[in-house]
Structures are given as C-alpha cells and as structure tokens.
Amino acid sequence: MWTVTDSPIGPLRIVERDGAITAIEFTPFRDGDGRPRGDRDDQCPVLTRAVEQLEEYFVGTRTTFDLPLSPVGTAWQHSVWEQLRAIEYGETASYGQIASRLGKSNAASRAVGLANGANPIPIVVPCHRVIGANGTLTGYAGGLERKQQLLSLEQAALF
C-alpha cells in the first residue's frame, strides 16, 4: 500500500508492505520500475504514522524516526544504511568516514556511495547527510537542491 504527502521538498510517496515502510519516493514518481506498491490507502496505520513523523521532521520538532522499516537490498547495502541511521540529526559524514566505520579502507568510498544512492527510504534513512570528503554536496537521488534543503532544515532547527 502507499500514500502521498506534501512536503517542503515536494510530494513524497510512502510505500509499505507487511506493516513496514519499504520506500519513500520523490516526485516525479516512477510507476514502471517494477517495484510492488499495491493500492493507495491513506488510512493505513503505518502510513499515517509515517506521514505524521515526516510532518514533524519538516517543522523541526522531530530529529529521529520511530517507524518499522523493511528496505530491500543486499547485505552490504543494509550495513551502509545502518551507518546512515547512526549519523545524528544536523550532522554529516563523508563516504570515506562511513567506509572506515564499516572497517573498510577509503577505497570502499565508491561502494558506500553506490549503496547510499540505492537507499529506498530517504529522509528516514538519512542519506542526505553524506557529503564529499572536502565537504561538498555530492549526488542525491532526490537532486542536490533537495539535499541542500534537508541539510539546511536540520541546521536551522538546531539553532
């Protein structure tokens, strides 16, 4: 099942399966990608909870999410996504730092970047908090403008 919610970075489609969030998608939505979504259900409890928590995040009153998650990915991707969730609200980490936290050399930065880019649950699994080693913004599935908006929102909420 899925629902759509408005946000400061555009409409977001939230997808759940078996009681857990499996994806948050940016517009424009891609329906022909083969991902199972089912029917729209704006009353599904886990989806309404996700909408509420995202609304709280966007107004600056929520810094962590408490949602059941079930992203589909490889063991490597899951290990990277777990590290993403450890990056505190308003903080950033580089691809190399994530690789190091996983016990890998800086050479694994590219693999970290690929796993980061494959994250199906952005915002909740905060891939926007990963930046280049020199502090620059690097690729983001939702576009660099959205990444900058999310980072700015978090910084503004802290001060």
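Visitor: How many of the residues in the chain are buried, as a percentage?
Guide: In this predicted model, buried residues account for 46% of the 159 residues in the chain.

Visitor: And what radius of gyration does the chain have?
Guide: The chain has 15 Å, which agrees with the value near 15 Å that a compact globule of 159 residues would have. Along its principal axes, the C-alpha trace spans about 45 × 35 × 25 Å.

Visitor: What share of the contacts joins residues at least 24 apart?
Guide: That share is 58%, counted among contacts between residues at least 6 apart in sequence.

Visitor: Now the aromatic rings. How many aromatic pairs are there?
Guide: The count comes to 4 aromatic pairs. One of them joins Tyr57 and Phe58, with 5.2 Å centre to centre and 75° between the planes, so the pair is edge-to-face, the class for planes over 60 degrees apart.

Visitor: Is Tyr57 buried or exposed?
Guide: Tyr57 is buried, because its relative accessibility is 0%. Phe58 is also buried, at a relative accessible area of 13%.

Visitor: What about Tyr57 and Phe65?
Guide: Tyr57 and Phe65 form a tilted pair, 5.5 Å centre to centre with 40° between the planes. Phe65 counts as buried at 12% relative accessibility.

Visitor: Which residues do the ring pairs link into a cluster?
Guide: The cluster consists of Tyr57, Phe58, Phe65 and Tyr89.

Visitor: Lastly, how far apart are the mean positions of the charges?
Guide: The mean positions of the 15 positive and 18 negative charges are 8 Å apart.

Conventions:
Residues are numbered from 1 along each chain as its sequence is written. This is a predicted model: local features need pLDDT of at least 70, side-chain atom pairs count only at pLDDT 80 or more; totals for chains, interfaces and linings use all residues. Side-chain values use heavy atoms; hydrogens and water are left out. The radius of gyration is taken over C-alpha atoms; the globule rule is 2.2 Å times the number of residues to the power 0.38. Buried means under 20% relative accessible area, exposed over 50%, partly exposed in between (1.4 Å probe, protein chains only). Contact means heavy atoms within 4.5 Å. Lys and Arg count as positive and Asp and Glu as negative; His and the chain ends are not counted. The place of a charge is taken as NZ of Lys, CZ of Arg, CG of Asp or CD of Glu. Rings of Phe, Tyr and Trp (its six-membered ring) pair if their centres lie within 6.5 Å; planes under 30 degrees apart count as stacked, over 60 as edge-to-face and the rest as tilted.
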